[in-house]
Amino acid sequence: MSDTLPVLYSFRRCPYAMRARMAVAVAGIAVNLREVVLRDKPPSMLEASAKGTVPVLVLDDGAVIDESLDVMRWALAVRDPEGWLGADETEASALISENDGSFKHHLDRFKYATRYEGADPLEHRMAAESFLLKLNDRLSQNSHLLGERRSFADIAIFPFIRQFANAAGDFMQDERFASLMRWLNDHVQSDLFLSVMKKYPQWHAGEAGQAFPD
Ligand SMILES: N[C@@H](CCC(=O)N[C@@H](CS)C(=O)NCC(=O)O)C(=O)O
């Protein structure tokens, strides 16, 4: 594999890394993917970005992009074949800020309640509902969050809704979430998502990494 490809440090199950991988894949940008184990982060990743979160993209000129939304924007600036950046940017940012902010806060405390002292999972599930219903309302009017085609906001948000739905089980089968679940299932079963969820072994220094997308 060429040494000049950008390097993408990623973790398969991380929703932030998923959205970055989907943007890189839709743009058709070849990268060298290094699968990270979060409790055993490679020193080269920490040298590139000391905050120690995935995804991290290291470009061939050494520039580092270590926020998933920035990785998405970088990839789509190279090529945006489906026009993901064409949807209303203000609405997209408002939805993504709420997703990454309060919804993610409640998702973590619902899903991993034991990691947060005093967190009551049901309280956090209830607090997350307003965002889910807001999305459901949009999705009962259009097949995607900002219109009839998938765009930046759908891809940035659905990996987190997937995590929530996996943890919430039957709760999400309620009729109130029908449009949201239809949208979620479409994304989870999409060729794009399946293509970025292949399993790769942990990368170790000195190894070649994986050709992505393959
Ligand atoms: N704001 C960052 C958040 C990334 C993030 O928090 N990723 C998690 C994994 S899902 C992580 O790497 N956590 C570090 C750790 O668990 O050690 C982004 O959008 O890229």
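Trainee: What makes strand β2 (residues 31–35) count as mostly covered?

Mentor: A residue is called buried if 20 or more other C-beta atoms, placed from the backbone, lie within 10 Å of its own, exposed if 12 or fewer do, and partly exposed in between; five of the five residues of β2 are buried, so the strand is mostly covered. This is a predicted model, in which local features need pLDDT of at least 70 and side-chain atom pairs count only at pLDDT 80 or more, whereas totals for chains, interfaces and linings use all residues. Residues are numbered from 1 along each chain as its sequence is written.

Trainee: How do you know that both faces of β2 are covered?

Mentor: Val-31, Leu-33 and Glu-35 lie on one side and Asn-32 and Arg-34 on the other, and all of them are buried. The strand itself is a DSSP run (E, at least two residues), as helices are runs of H or I with at least four residues, numbered from the N terminus.

Trainee: What makes the crossover from β1 to β2 right-handed?

Mentor: The term applies if, with the strands pointing away from the viewer, the path from the first strand over the helix to the second runs clockwise; here the chain crosses from β1 through helix α1 (residues 15–26) to β2, and this β-α-β crossover is right-handed.

Trainee: Why is the pairing of the sheet called mixed?

Mentor: Strands of a sheet pair through backbone hydrogen bonds, either parallel or antiparallel. The open sheet has five strands in the order β4-β3-β1-β2-β5, and its pairing is mixed.

Trainee: What makes β4 (64–65) and β5 edge strands?

Mentor: Each of these two pairs on one side only.

Trainee: What makes a group of residues a nonpolar core, and which members touch the most others in the largest one?

Mentor: A nonpolar core is a set of buried Ala, Val, Leu, Ile, Met, Phe, Trp, Tyr and Cys residues joined through C-beta atoms within 7 Å. The largest has 56 residues, of which Leu-8, Ala-23, Met-72, Ala-153, Ile-157, Ile-161 and Leu-180 touch the most other members. Its largest share, eleven residues, comes from helix α6 (residues 152–168).

Trainee: How do you know that this core draws on both domains?

Mentor: The bounds come from an automatic or database domain assignment, which gives domain 1 (7–82 + 195–212) and domain 2 (87–192); the core draws at least three residues from each.

Trainee: How many residues of each domain take part in the contact between them?

Mentor: Two residues are in contact if their C-beta atoms, placed from the backbone, lie within 7 Å; the contact takes twelve residues from domain 1 and eleven from domain 2. On the domain 1 side, α1 gives the most, with seven residues.

Definitions and conventions. Two strands pair if DSSP finds at least two bridges between them.
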